[in-house]
Amino acid sequence: MDTEKKEYRLVLPVPMYHNDYNIWSVLKNCIGKELSKITMPVVFNEPLSFLQRMAEYMEYSHLLRLALQQQDPTTRMQYVIGFAVSALASNWERLGKPFNPLLGETYELEREEFKIICEQVSHHPPVSAFHAESKDWIFHGSIHPKLKFWGKSVEIQPKGTVTVEFPKLNEAYTWSNVQCCVHNIIVGKLWMEQCGTMEIVNHSTGHKAHLTFKPAGWNSKDLHRVEGYITDKSKHKLFFIYGKWTEFIKCTDYFSYEEYLKENSHKFKRDGDKSKSPNDSPSHTSRKVLQKLNSLKVSPFKSNSTQESMDECTPPDIPDGMVPKSESTYSIDIPNSITIWKVKPRPMQTSDYYQFTEFAMSLNELESGMDKSLCPTDSRLRPDIRKLEQGDIDGAAIEKTRLEEKQRDANKHRKSKKGTEWHPRWFNQGINPHTKQEDWLYNGNYWKREYTDNPDIF
Ligand code: CLR
């Protein structure tokens, strides 16, 4: 048996090419278009496919093992919260665009504690499905990232739910990820935040976690903050959860939190007053953007966006081009708290490697022996991603165009011939028994490693 601990690569083969292209110069011609249909120059990409990016949810999967070790469903919920939030941590400062997976592309990852298989199951709309399992848990879901372009920011909603199952306990949890906003598309340095609410439901016991990912405000005190509580089935608040999705998640009992609030109420009042300053209204920022958009004869609010999503992640009052700084002095520590999750530091040279985490660095590695076992549609075998990873930008661009054209031709061919519709190989569309909603469910066959009739997508 394999007793030796496997070692994975810690950096990419070459440092990235730092481009000084302006993203606005590409996107200004694309307002109103569906962003998944826009071909972006390869210099805006990071050398990973979105399927590999999805596998990054697994970085802290040991939290699911810890969850299962807890006797009490409320403490299990705490670790599931830790897992759900930690899954988003690798997004911090990652502003490269992962490659759009090709229809039928797959990605597998086998690690000590788990294995995961991902497949691009639909191209328009783009839907990526995944199924991960260990001896203790199953984690699966599908993601359909919907991009909306507001002018100075891009809003990405990862539609779809994810499910964690603990078969030994007959317990299942589901939630949906919050939306992500990329700011400063027109001028300044890009930055990103995740905001909105996340509700994690334990379908067996009725416990719920209600988490709010806060948008950065004027004084940036809330940048990256996550806050919320756990309730039982009769909606009693049991625990208070707080932290930052980029750093840590802590938990304390709800009584300690209320006591803490009472004792510190003077602090919070002052902060609240400040944020309601009367001269918050139409900022210099938005006026400038509107002028710019007017001159292009487009309305930032006319695209196919809805008002409802506008409310979740309102453009912050941060002056154009500026990046909010997280205020480290404002660090709450509430009595009786325990730390559920803490982020691992990024590798030293991360800024020369697309801000990758150590885990991300290893995802496109062709490990020894893989050439024999890998499914021929695996992301690791994509020539455009490999070329970008090796620093060959021109080669990557040529390959990317070739693959996209090849995909278009194949689609056209299938459309013109009856009985040749596309069917994913490892997932079937079905109803998620917990949410009763449509989902993509794994058919259990991938790891048999019988890869015949592979579509020729590369
Ligand atoms: C965020 C976490 C979600 C799943 C998800 C879906 C789409 C991803 C997004 C995450 C992170 C940001 C992302 C986006 C697709 C494109 C965008 C990678 C992982 C990058 C930053 C590209 C932005 C380029 C614009 C400026 C055009 O659960």
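Hi everyone. Let me begin with a term: a pocket here is an open set of grid points with protein on both sides within 12 Å along at least five of seven lines, and a residue lines the pocket if it has an atom within 4 Å of a point. Keep in mind, too, that this is a predicted model.

The largest pocket holds about 1300 Å³ of space. Its lining is made of 46 residues, and those nearest the centre are Tyr-8, Arg-111, Glu-112, Phe-114 and Phe-359. Which helices and strands each supply at least two residues of that lining? They are α3 (62–69), β3 (106–110), α9 (358–362) and α10 (370–373).

Now let's turn to the cavities. Searching the whole structure gives 3 cavities of 30 Å³ or more. The largest cavity contains about 850 Å³ of space. It has 39 lining residues, and Phe-50, Lys-97, Pro-98, Leu-147 and Ile-156 are the closest to its centre. Among the elements that each give at least two residues to this lining are β6 (138–149) and β10 (179–183). Sorted by type, the lining of the largest cavity has 26 nonpolar, 9 polar and 4 charged residues.

And where is the ligand? The space it takes is the largest cavity. Around the ligand there are 20 residues, with Ile-23, Tyr-57, Asn-91, Pro-98 and Asn-177 the closest. Taken alone, the ligand exposes 610 Å², and the protein buries 96% of that.

In Tyr-57, a polar side-chain atom lies 2.7 Å from an oxygen atom of the ligand. In Asn-177, a polar side-chain atom is 3.4 Å from an oxygen atom of the ligand.

What about the rest of the shell? At least two of its residues come from each of α1 (23–27), α2 (50–55), β2 (97–99), β7 (153–159) and β11 (191–202). Those five elements also each supply at least two residues to the lining of the largest cavity. The shell itself splits into 13 nonpolar, 4 polar and 3 charged residues.

Before I stop, here are two backbone details to look up. Which two residues does a cis peptide bond join? They are His-124 and Pro-125, with omega at about 0°. You can find Pro-125 in the loop between β4 (115–122) and β5 (127–133).

The other detail is His-224, whose phi is near 70°, a positive value in a residue other than glycine. His-224 sits in the loop between β12 (208–213) and β13 (225–231).

Notes. Residues are numbered from 1 along each chain as its sequence is written. This is a predicted model: local features need pLDDT of at least 70, side-chain atom pairs count only at pLDDT 80 or more; totals for chains, interfaces and linings use all residues. Side-chain values use heavy atoms; hydrogens and water are left out. A residue is near a molecule or strand if one of its heavy atoms lies within 4 Å of it. A polar contact is a pair of N or O atoms within 3.5 Å; within protein, one must be able to donate a hydrogen and the other to accept it, and residues adjacent in sequence count only if both atoms are side-chain atoms. Accessible areas come from the Shrake-Rupley method with a 1.4 Å probe; for residues, only the protein chains shown count as cover. On a 1 Å grid over the protein atoms alone, a cavity is a set of points where a 1.4 Å probe fits but cannot get out, and a pocket is an open set with protein on both sides within 12 Å along at least five of seven lines; lining residues have an atom within 4 Å of a point. A molecule sits in a cavity or pocket if more than half of its atoms lie within 2 Å of its grid points. Helices (H or I, at least four residues) and strands (E, at least two) are DSSP runs, numbered from the N terminus. Ala, Val, Leu, Ile, Met, Phe, Trp, Tyr, Cys and Pro count as nonpolar, Asp, Glu, Lys and Arg as charged, and the others, Gly among them, as polar. Grid points are joined across faces, edges and corners, and a volume is the space filled by probe spheres set on the points.
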